[in-house]
Amino acid sequence: MMNFLTYNPLIYSAFMGMLVAQVAKVILILALEKRLALDRLTETGGMPSSHSAAVAALSTACGIQYGVESPYFAIAIVFGAIVIYDATGVRRAAGRHAEILNSLIVELSHLFEEGNSPKALKTLLGHTYPQVFMGTLLGVVVGFLCMGSLNLTP
């Protein structure tokens, strides 16, 4: 697996951006809430955005590897913008909808037969603008660090 990641510095950068962001979520929760939330390693949503970190690291690596005038960089930037837009738009709205539906389930729980009550929906789906900003910033830094550590800069 590691040979595959180091063979392709673009995938390596994106993977590391996502990994660093997910680990940062656990560390932030530990520092702010004094609890170890290892489940955050595999969940979406929260600070910083791992989606934004991954696409920013990929875009940064593409820019370093091929130049900012290259079609690869253009593809990465457009792809990244779509991912970030989705994280702050559609997925965030879905999380808000889930919150409302969960409160309705609680309010109407007396109507459900015992044991047939619907399960609560996941509400932490999308990202706020600060979460996306921090994820993007983290991803750019990780992209530069990865490309520099692999000695693949032009």
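Predicted model: local features only at pLDDT ≥ 70, side-chain atom pairs only at ≥ 80, totals over all residues.
Angles under 35 degrees count as roughly parallel, over 145 as roughly antiparallel, 65 to 115 as roughly perpendicular and the rest as oblique.

View 1. The protein chain has six helices and zero strands. Read from the N terminus, its elements simply go α-α-α-α-α-α. There are 154 residues in the chain, and 36% of them count as buried. Now take the contacts between residues at least 6 apart in sequence: 70% of these join residues at least 24 apart.

**View 2. Helix α2 meets helix α6.** Two packed helices are described by the angle between their axes and the distance between the axes. Here the axes of α2 and α6 (residues 129-149) come within 9 Å and cross at roughly 135 degrees. The crossing of α2 with α6 is right-handed. On the α2 side, the contact is made by P9, Y12, S13, M16, G17, V20 and A21, while α6 brings L138, V142, G143, C146 and M147. Sort the residues of this α2 and α6 contact by class and you get nine nonpolar, three polar and no charged ones.

**View 3. Helix α3 alongside helix α4.** The axes of α3 and α4 come within 9 Å and cross at roughly 170 degrees. How are α3 and α4 oriented to each other? An angle over 145 counts as roughly antiparallel, so that's the label for α3 and α4. From α3, the residues to look for are H51, S52, V55, L58, S59, C62, G63 and Y66. They meet Y72, F73, A76, I77, F79, G80, V83 and I84 in α4. The contact of α3 with α4 divides into 11 nonpolar, five polar and no charged residues.

**View 4. Two tyrosine rings, Y66 and Y72.** A pair of aromatic rings is described by the distance of the centres and the angle of the planes. The count of aromatic pairs comes to one. In that pair, the rings of Y66 and Y72 have centres 4.6 Å apart and planes at 45 degrees, so the pair is tilted. Are the two buried, exposed or something in between? Y66 has a relative accessible area of 41%, so it is partly exposed. Y72, at 46%, is partly exposed as well.

**View 5. I84 and its contacts.** I84 lies in helix α4, which covers residues 71-88. Leaving aside neighbours within four places in sequence, I84 is in contact with S52, V55, V132 and T136. Look for Y129 too: I84 and Y129 are 45 residues apart in sequence, but their C-alpha atoms are 9.4 Å apart in space.

View 6. K25 is found in helix α2. Buried means under 20% relative accessible area, so K25, at 2%, counts as buried. Setting aside neighbours within four places in sequence, K25 is in contact with R40, E43, T44, G45, G46, M47, P48, S50 and H127. K34 sits in the loop between α2 (9-33) and α3 (50-66). Its relative accessibility is 68%, so K34 counts as exposed. One more thing to spot: K34 has a positive phi of about 60 degrees, although it is not a glycine.

Terms used:
Residues numbered from 1 in each chain as written. Heavy atoms only, no water. Helix = DSSP H or I, 4+ residues; strand = E, 2+ residues; numbered from the N terminus. Contact = heavy atoms within 4.5 Å. Buried < 20%, exposed > 50% of the residue type's maximum accessible area, 1.4 Å probe, protein only. Axes fitted to C-alpha atoms, helices over the stretch in contact; angles between N-to-C directions. Left-handed = near helix turned anticlockwise from the far one by under 90°. Nonpolar A, V, L, I, M, F, W, Y, C, P; charged D, E, K, R; others polar. Phe/Tyr/Trp six-rings, centres within 6.5 Å; stacked < 30°, edge-to-face > 60°.
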